[in-house]
Amino acid sequence: MTEPRPDAADLAGIDEARAAARRARAPAAERCGALAVTADGGRHPGTTIRLAGAAGLSACAEQIALSAARAAGASPIARLYLWVPAAAGAHPCGRCLQLWRELAPQARCLLQRGDAPPTELDLAALLPEPFTSYPSAAPPASDPGAGDPPPRAAGGA
Ligand SMILES: [Zn+2]
């Protein structure tokens, strides 16, 4: 299989994701950047935010970018760009794959690891069995990429 060559728009997206990584609040090895680009051209960057002593509560760059696009009421996310400082093998965590699946299932994702050539990620291959336990997991056809959140649990925050 041959990787599609990134075009100028893709390279610009990767550059913006890499620039967002420089604004991360995390150890250097964990400074990642993301950019969610919506169908109407909106650009929503994200960067790693690591909390002291609480890595489990930290936010990934792509989580922030996807959430920012959603919070802005943007049109569907068409493209997601990621930059990570790590060598081969790094890819979005399970939480971010599920978020990508629910908020932007149609979005294509391009990842650059360090200075390596960008790689197109395949959501179905990385997350073959996503959570679908609530009825609104599939986004309505009229609003692709904007699925409703699950109902709140009784007694939740
Ligand atoms: Zn993540």
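Q: Among contacts between residues at least 6 apart in sequence, what percentage join residues at least 24 apart?

A: Two residues are in contact if their C-beta atoms, placed from the backbone, lie within 7 Å. In this protein, 63% of the contacts between residues at least 6 apart in sequence join residues at least 24 apart. The model is a predicted one, in which local features need pLDDT of at least 70 and side-chain atom pairs count only at pLDDT 80 or more, while totals for chains, interfaces and linings use all residues. Residues are numbered from 1 along each chain as its sequence is written.

Q: How many helices and strands does the protein have, and which pattern do they follow along the sequence?

A: Helices (H or I, at least four residues) and strands (E, at least two) are DSSP runs, numbered from the N terminus. The protein has four helices and five strands, and their pattern along the sequence reads α-β-β-α-β-α-β-β-α.

Q: What share of the residues is buried?

A: A residue is buried if 20 or more other C-beta atoms lie within 10 Å of its own, exposed if 12 or fewer, and partly exposed in between. Of the 157 residues in the protein, 31% are buried.

Q: Which residues have the most contacts inside the largest nonpolar core?

A: A nonpolar core is a set of buried Ala, Val, Leu, Ile, Met, Phe, Trp, Tyr and Cys residues joined through C-beta atoms within 7 Å. The largest one here has 30 residues, and those with the most contacts inside it are Ala17, Ala34, Ala36, Ala61, Leu80 and Leu82. At least two residues of this core come from each of helix H1 (8–21), strand S1 (33–38), helix H2 (61–71), strand S3 (77–84), helix H3 (94–103) and strand S4 (108–113). S3 gives the largest share, six residues. Beyond four places in sequence, Leu82 touches residues including Ala17, Ala34, Ala61 and Leu111.

Q: Why is H2 described as largely enclosed by the rest of the structure?

A: H2 is so described because eight of its eleven residues are buried. Among them are Ala61, Ile64, Leu66 and Arg70. The buried residues of H2 pack against H1, S1, strand S2 (43–47), S3 and H3. After H2 comes Gly73, with a positive phi near 70°.

Q: Is Arg108 buried, exposed or partly exposed?

A: Arg108, in strand S4, counts as partly exposed because it has 17 C-beta neighbours inside 10 Å. Apart from neighbours within four places in sequence, Arg108 is in contact with Arg79 and Glu120.
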